[in-house]
Structure formats: C-alpha cells, structure tokens
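Me: Hi! Could you walk me through this one? I'm new to it.

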Amino acid sequence: MEAENGDLLRPLTLKQYHISEDYGFVLREPLEDLPPYYQPWMEIAKNVTELIYSHSLRTRVHEMPLLETELLQDHRELRLAHLALSIITMGYVWQEGESDTVKVLPRNLAVPYWCVSNKLGLPPILTHADAVLANWKRKDHPHSEINMENLELLFTLPGGTSVHGFFMVTLLVELAAVPGIKAIPQAINGVNQGDVTTVTEALKSISLALDDMVEALKLMHDYVEPSVFYGIMRIYLSGWKDNPSMADGLVYEGVQEEPLEYSGGSAAQSSLLHCFDELLGVKHQGSSGAFLMRMRSHYMLPAHTHFVQHISRCRPSLRDFVLEQGDEALDSAYKHCVARLVAMRNYHINLVARFITQPASRAKKLRLSGVDADEENSAITQAPSALETRGTGGSGIMSFLKTVRDRTRALSDSPSAQPIGAEGAQRHSTVGVPKKAPAEASFLSWLTSKIWSQ
Ligand code: HEM
C-alpha cells in the first residue's frame, strides 16, 4: 500500500488509503465488543478508572490470563483490542503517579499487546488512532447526527467528564476536517491535469475546513476543565520516551529483554495537519521537524502514513504549480489557505496556554508558597512535575508549537517566500522561472527567495 511511483501517476483517491469519504481518518462505527474469549481484557479495560482509584489495577493485570491473538482477524476487532490493551497499559504504568512507576509490563499483557500492535502497524502504547479515532460510539441510532451530546467513549481514564470532553472534541475536530481531506485528491489531481479552477476550489474547501476545525476546537473550553486536564488526565496519556519519570523506558516482558521507549498519545499523531502541511509545502525542520516526522512514521496507522507520503511525493507540488501558473485567484486561494492554517495553529497555541502553561505556573506558585491548595486548585497540585514543560508526546511544548506555526506563516506572504533548507532547495531546483511572477510578489522578491533557498 506504500505510495509507489506508479501510484503517483494514477489519480489519487481516499479509498486507496482506506480513508473514508464521510469520516476521514476516524474509524467508521468502531466495534464495541470483542469475541467472548477476550472478556478478561474487556472487563479490566471497561473498569480501568475504578481499578486505578482502588489501587488494584496492577493486581488484576497480574491475574489476567495470557490470551492468544489469532482469533482477532478483522481490522475493527484489532483496533478495539489495541485500544483496550492500551488503556490497560496506561493505567498499569501510571496507577501510582510519577513517583512509583513500573519497569516491566507483564508478559500476559505485553505479549498479546505486541502481537496486536504488529498486526495493525501501531506502536504498543496509547495513540491518537486509539484514544480518539477508535474510541467512540453514538448514544442512539447508528445514523443520527454526531455532536457532543450524542457521543460516548468506549473506554475512559481518570478525569471524569473532562476525559469525554477532551477525546470527543478532538474527534469533532477530525470530523470537521473531512471536507478538507476530500479536497486533497481534488487538488492533487487538478494539479496533474493543469486545472487551475479545480485546484482553486479545492484550496477554498480546505480553508473552510480549517475554520470549521477551529470552531470545533473552541468546544474544548466548554467541555474540559483545565485543572483536571493538567492535574489528572495528562499523566495517563504520557509515554516512556523523553520522560524523566520513566527514564529507562519499559521492558515488554516476553517480547524482548531490553527496555523500549515510546512517546505518549498526542494529536501531533493526527494525520490532518501533516496532510495540509505537505499539500501546501510547509517544511518543518530541525528538532520540530524530527518530532513530527517520528509521529508520522511510527504513531499513525500505516495507511494514513502512506497517504501523507503520497501527498509529499507529488510532482509538480501544489506550491510549484501555484508559482508556475501566476494566476491571481489561485494565488489568493493558496495564501488564504496558508493563513487559515496559521490561524488554526495560533488558536491551538492559545489552548495549550490555557490548558498547560497557566495551570503549570499556578502549580509552581502553590508549591513554592507551601500554602494548601483550595478545592479548585487541588487537582493541579497532583500534576506530574516531569510534564510541566513537556507535552504528552514528549516535546518541549511552546518553542515547538511556535516554531511549527512560524514555519507555516513563512509561506503566507507569497508562495515563494519560505526560506527553505537543503530538502526544499533540492525540490525547488527543478522549478523553472514562473510563466508569470506571482501576483503580489515582484520578480525581484521571487528571485531573492530563490537565492535564499540555494
Ligand atoms: C486541551 C487541548 C489540547 C492541548 C492541551 C494540546 C496540547 C498539545 C501539545 C502539548 C502538543 C505538543 C506535542 C506533544 O508533545 O504532545 C500538541 C501538538 C499538536 N496538537 Fe494539540 N492539544 C490539544 C488539542 C488538540 C486538538 C483537538 C488537535 C486537533 C486534532 C490538536 C492538534 C495538534 C497538532 C497537529 C500538534 C502538532 C503541532 C502542529 O502540527 O502544529 N491538539 N498539542
């Protein structure tokens, strides 16, 4: 399924990468139960929160039978099994907080988890593909509208209604993006056919989808309590890579003796912005680029990774096409789309400030003052100090997010304005002088940016 050169010559479809026209990357109607043989997993996964609060999850896991995975054949069964085992694993590791973590994931959990992960091509840790894309059901009949009131989680973790809010609002962001995802093949096929109107329309659809994604993001304020997110929920999403409280990683017993390191769940693992970045020509570099590339290569479903790779390999790229055409409407649709992507990233940065930076500084002040926290602040004082400045995916949060935003913004003055490094320069060297200089950029500035890029 990996994007071969031959694939790049045929019209691109979503179907070829198992992406739904209606649900995008979201798993269509996830299964709610596994065959009866797997009840021991399901019973524990369904009750993880209570088992964590009663400090008995680890004991229950030790008593769990070692089950075979051969009965799991269907994709949706495997997704449910991965989700259930991921939820159990996050609870097992973090049951006692950051001060009493474990070094070993026991064989009866680690071995089947490893097998299921291999079958799916996902890592053996909770990912965005589990917690968001496959962790939902409608409360009522199968074709009813999807909204916050009508959605339920299959599995939850400590944090009460904020957990529902966090995963379900993220799901709504994924669904809001669907018209934009559908416009990607339209844009790419349009470029290949030299069809300026089709590409312009596709870019407009993506801009609208980005605005709808921001509207969905806004719901986070209504459904998630920052102190609960910061103080209670985040630890259960965090991993054992770049995490001082699990500095040695985790041994998956019965799989291999050496400890393994995996990043925690993060929407940086969502394919959405990876697709839009590749389509528009945003190039992330340095440590931010490496982090995003790691998320793309190891923490997404392989079909989704291959879709992103397909977009990145298309020649001519959409950006080169915009440059070459010098069409005013196309140029303006492109710039508008980049601006909407910047706006989405700006909104996200504000969200991170409210849900992480502000509670972190309150927690620090409380710690230094030695004063007992009131009811409102008691949750944030429980927060793991290792996550004060790091995301659950392990990134150094604000500098990472701002670098990523700035790389996007650098494209917005003109399609040719982004200073690009070796990778970009190589791509660019194949581009000749545009038929017409881009509408709002003088030929001189176009030339200057070319010199920049060499
Ligand atoms: C309360 C809500 C949220 C918070 C606190 C939050 C926090 C973070 C943090 C800390 C990172 C840095 C990577 C890491 O180490 O995990 C990140 C990255 C990212 N998040 Fe969020 N996030 C939130 C909601 C969302 C939602 C709903 C989406 C949409 C799907 C999203 C999309 C992204 C993306 C795409 C990145 C990678 C950076 C980029 O491409 O701009 N986030 N987020």
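**A first tour**

Reply: Happy to. Let's begin with His55, which sits in the loop between helix H3 (48–53) and H4. The model is predicted, so to speak of local features a pLDDT of at least 70 is needed, side-chain atom pairs count only at pLDDT 80 or more, and totals for chains, interfaces and linings use all residues. Residues are numbered from 1 along each chain as its sequence is written.

Me: What do the H labels stand for?
Reply: Helices (H or I, at least four residues) and strands (E, at least two) are DSSP runs, numbered from the N terminus.

Me: And how many helices and strands does the protein have?
Reply: The secondary structure comes to 21 helices and 4 strands.

Me: Back to His55: what is its phi?
Reply: Phi of His55 is near 55°, a positive value in a residue other than glycine. Most residues other than glycine have a negative phi, and most peptide bonds are trans.

Me: Is His55 buried or exposed?
Reply: His55 counts as exposed, because it has 10 C-beta neighbours inside 10 Å. The cut-offs: a residue is buried if 20 or more other C-beta atoms lie within 10 Å of its own, exposed if 12 or fewer, and partly exposed in between, with C-beta atoms placed from the backbone.

Me: What about His18, where does it lie?
Reply: His18 lies in the loop between helix H1 (5–9) and helix H2 (39–46). His18 has a positive phi of about 55° although it is not a glycine. With 16 other C-beta atoms within 10 Å, His18 is partly exposed.

Me: Which residues does the cis peptide bond join?
Reply: Arg315 and Pro316, with omega about -5°. Pro316 is found in the loop between helix H15 (302–313) and helix H16 (318–325).

Me: Switching topic: how much of the protein is buried?
Reply: Buried residues make up 46% of the 454 residues.

Me: Why is H12 described as largely enclosed?
Reply: Because 12 of the 12 residues of H12 are buried, it is largely enclosed by the rest of the structure. Among them are Phe229, Tyr230, Arg234 and Tyr236. Helix H12 (residues 226–237) reaches 15 Å from its first C-alpha to its last, close to the 16 Å expected at 1.5 Å a residue. That expected span is 1.5 Å times one less than the number of residues.

Me: And H13?
Reply: 9 of the 9 residues of helix H13 (residues 272–280) are buried, so H13 is also largely enclosed by the rest of the structure. The buried residues include His274, Asp277 and Glu278. H13 is followed by Gly281, whose phi is positive, near 95°.

Me: How do H13 and H15 cross?
Reply: Their axes come within 8 Å and cross at roughly 10°. That makes H13 roughly parallel to H15. His274, Cys275, Glu278 and Leu279 of H13 meet Phe307, Val308, Ile311 and Ser312 of H15. Axes are lines fitted to C-alpha atoms, for helices over the stretch in contact, and angles run from 0 to 180 degrees between N-to-C directions. Angles under 35 degrees count as roughly parallel, over 145 as roughly antiparallel, 65 to 115 as roughly perpendicular and the rest as oblique.

Me: At what angle do H17 and H19 pack?
Reply: Helix H17 (residues 328–369) and helix H19 (residues 397–409) pack at about 170°, with their axes 9 Å apart. That makes H17 roughly antiparallel to H19. Residues in the contact include Val338, Leu341 and Arg345 in H17, and Ile397, Met398 and Leu401 in H19.

Me: Which residue does UniProt list for "binding site"?
Reply: UniProt lists His348, in an unreviewed entry. Its positions are given in the numbering used here, feature names are shortened, and annotations may be inferred rather than shown by experiment. His348 is in helix H17, and it is buried, with 20 other C-beta atoms within 10 Å.

How values were computed: Two residues are in contact if their C-beta atoms, placed from the backbone, lie within 7 Å.
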